Amino acid sequence: MVYAPRTFTNKEQLFSRGGFTAVVDLGTGAVQRLPVTTSLAYFNPGCGIGEIVALTQGGEEDLGKTGLMTVDAGTGRLSQRTELDGQLTSAVPLGESFAVAGGTGVLKVSRDGKKERLARTKGTPSHLAPDAEGGVVYIARENGSVSVQRATGVDRPVTTLATGKQGKLGVTPGTAGKVFITGEPEQVNGLPQSVKKVDLPINALMSTKGEAAITELRPTGSPTKAEPQAWHIKAKSLRTGRDLGFTVNAVEALKPREVEPGYTCAVPRNDPAIQVLQPKPKQVEWAVDMAIYGYLFNQRPAGWRGNGLSVGYKPQELFPRAQLQGGGHVPAQVMLGIIGQESNMWQASKYTLPGETGNPLIGNYYGLEQYDDDISNDWDINFAKADCGYGVTQMTDGMRKAGSERENEVALDRTRQVAIATDYAANVAAGLQLLTTKWNELQAAGVKLHDGDPANIENWFFAAWAYNSGYHRPGEQNANGAYGLGWGNNPANPRYNPDRGSFGEDPRDFARPQLWPYPEKVMGFAANTPWGLEDENTEVPFFRPALWNGGDGSASTPGTGAYNRRNVKPGVFTFCTNDNNCEPGARYTPNDPEVDDDPAADTGPCAHKNAVGQYDLRCWWHTSTKWKPDNCAETCGYQFIRYDYPAYAAEPANGNSFPSDCSDPQNRPRGLPSPSSALVVDYWADSWRGCLPLATSGTMTFPTDGKPAAWVDLHQIGSGAGGHFWLTTTRAEGTWDAKSSVRAEWQLNQKLRTRAQVLAYIPAHGSNKATRAIYKIETEQGVQEVEADQTKVRNGWLNLGTFAFNNAPKVSLSSITPNGISNQLVAFDAIAFNPVTQYHPVDPDPTWRVTRIVNDQTGKCVYPASNGSSGVQVVQTTCLNNFSDDWIIKKVGTQPVSWTEFYLIHRATGSCIAVKNDSLVNNAPTELRGCADKTKWLNSGPLSERPFESVPLYSSPPYYTLSVLDNRTEDETPLVLRTDSPEGQPDPYARWDL
């Protein structure tokens, strides 16, 4: 089957060759995903009369070519790709060849690309179906009418089986070469035994055995619903003619995927289906400038950037702009100051740079105890304590999974949760709603600053305070009369240095934010904007800062703009008065048992007591006040709008940090030494950087090794090979943070029986990658360790060495390194197994080619018995269908066409097949050794014309034949020299395809 997200049909490359391709066992339900992506066109895949299925890779629009291959549905093995010029459609297997639809007829295409015409039509035929008698049935169209025709061979007459009107006549293949004519034909002629007319609609789907057909599929809900649902199926029995009906309940059959069992936040991390775009600072500033005026209505279509939503939305339709009590709007720099403090302007995780995708930014997703004095529990997961704050505004309320809510919390609906987690614009709209709510709550409670005008930056100090820690309403249980804004963010709290300056005035302040209370930091961001990355090489201001009136001069001179900007910060004891039981300069030690463990429980000026007379830190602020002497008449800050509406209504372009290394037309990473035959293993994940999904020949996994925290420090990044890789930080063995070490495994899905080069793709992302990464490679000789420096390569392949394999190789890499430097990054990207070639002819050279050597009778391939290069016995064994099978046939002599002598050279060793000791006795064994006169083999066909089929291979005179010992069929059977075959008529065990 071929499948993909609906949005793949919107892009030509994804439609033509981006469909995920898999073999599904209908008996067990097992799914084997194939390491290729193919066309989403209606005709792909194309079934044959047995287990062989044709696959098409389109490319006519951008490449001018079509690729064909086959897969054995029984084994999952893929054939080599046949590449053809132009557009060819409706490919199906036809014996050892293909039948395809060209512009004016049906063609037979051999594996080497040779085309022969089976039938001529007025236009492009369709719905090709091979039948059990060697024919090809298809639909031909002409002047509004259609006919079902059948071709039986090159230069043979074509017969018309049925005729009818367009849209009323169809062809449907069954199993075992059965073909069914469906619809309402006006005339049916004599039909061959393998073709049958059935009374079915033209769009009917035949059952596996052709004994029933599905005539209608109807969902119980919306047909575009993204979630599993029950479907009604209407069918017809072809045995009895009776109609059938039943319902398949996919809801019961499928269970929702949990990336990490037990998580409680709404949208998980480390799910490749959910990759969040990291915005540029400019994009966040744009969203704020639009949102504060209610203009953030840019359309996000259904499935935007793979968010999984079946409906589209506009940010401020989901989260409408609320009205401020008293009028006005939130100043842009206040909202941006909150965003700067909450998230550094990040929507995705901290390792994701603007333009890349990654995990959503989530506050303490794992509920880790990283804020106490005990480092031993820093990696102990407790999902019940997860914060679940998402994105640029760290929206927390309603952002837990349904069923995992905190007490009195109501989960948001799925659309709003996903939008907040994955879309910075929707997140800004939601955060603005929350900030507006805090302002209005304080206005209603009579807790105001200065003149209360929302246009003044300083007047939002209380709202920022409440945004972070809330507002305690009067009458709160156990508060003993206290109410208002909590003590933790009060500037008088002794946890903060009383001699601190205005936050951000010194750029180093942003590296030590713990020295300031939250609302002072918000004011500081608004006044003293820091810088951040727009891409990996460019730093820009987070946003344009707010403006202050005043004259020129230093920040120490009253009346200057710089002085007024500095005093965006209130005095230490501005909110420490008798109104909240706070006494500047006094020292009270809290002794309420409920606050003993509170990090704010330092001896200080808070004199509030609980009902039993214990100091309880409930010096909560609840009255209006000011610190600007003119009550904000002239000295308070005001906003600067960078993006005016409607001139800048369009969303700014995405960033372009570390552009991805997209795959070549065959969906392989670029830069491989042998791209056509190398085998690549990577994590199968979509890319949102313009790359096609990467073809993979195996699986990449992250075993937890019994460590629950193994995924805590694992991060997905939209960069690297194919636009997606994984990242972690190095750890040292035996340390407390080894609990969070990560190990990746790359398992090739097939056996290699040769020497191969192993390469690791290293993305450009991250300049401080691991210098002593330890790769472990499972080889024929056991596990080999390779220490590698990941800093040596950027967007390219790191050579780990060449190894001998007689197994399905596995490579692993752990974040535990010998130097254990925790600030280094370990990149987990693609692993490639590349063929080793010891014979290097000049290319192009018509006197040699790479091929496999297959016994015509047993169907098995020729291999060295082991990975040595000289004296190794030559045997037959089951073909592996990869570069392990490869030999090089090299012509001997200089005659360009009429040649008969050639070497059979093993690609990986450069050694030739020879008769051991040059013996000419019957059943003399063969071996590998250096190529010389005695290692020549003979045949009469020119190598440059076409592959040899069923030909004998003769030794030097007296022309004995290469054969299989005792005509045996078992694996590892030696190849020998046969002296008893009749000259010119060797038995089938002495015939070879090569």
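The model is predicted, so local features need pLDDT of at least 70 and side-chain atom pairs count only at pLDDT 80 or more, whereas totals for chains, interfaces and linings use all residues. Residues are numbered from 1 along each chain as its sequence is written, and side-chain values use heavy atoms, with hydrogens and water left out.

Select Y295 to begin; it sits in the loop between α3 (281-291) and α4 (315-318), and its relative accessibility of 35% makes it partly exposed (buried is under 20% relative accessible area, exposed over 50%, partly exposed in between, with a 1.4 Å probe and protein chains only).

Turn next to the disulfides (pairs of cysteine sulfur atoms within 2.5 Å), of which there are six by this rule. Select C606 and C619, whose sulfur atoms are 2.0 Å apart and whose link is right-handed, with 105° about the S-S bond. Both of these cysteines lie in the loop between α10 (561-566) and β32 (679-681), so the pair ties together parts that are 13 residues apart in sequence, and both C606 and C619 are buried.

Move on to C632 and C636, where the sulfur atoms are 1.8 Å apart and the link is left-handed, at -60° about the S-S bond; C632 and C636 are both buried.

Finish with C861 and C879, a disulfide with its sulfur atoms 2.0 Å apart, which is right-handed because the torsion about its S-S bond is about 95°. C861 and C879 are both buried.

Terms used
Helix = DSSP H or I, 4+ residues; strand = E, 2+ residues; numbered from the N terminus.
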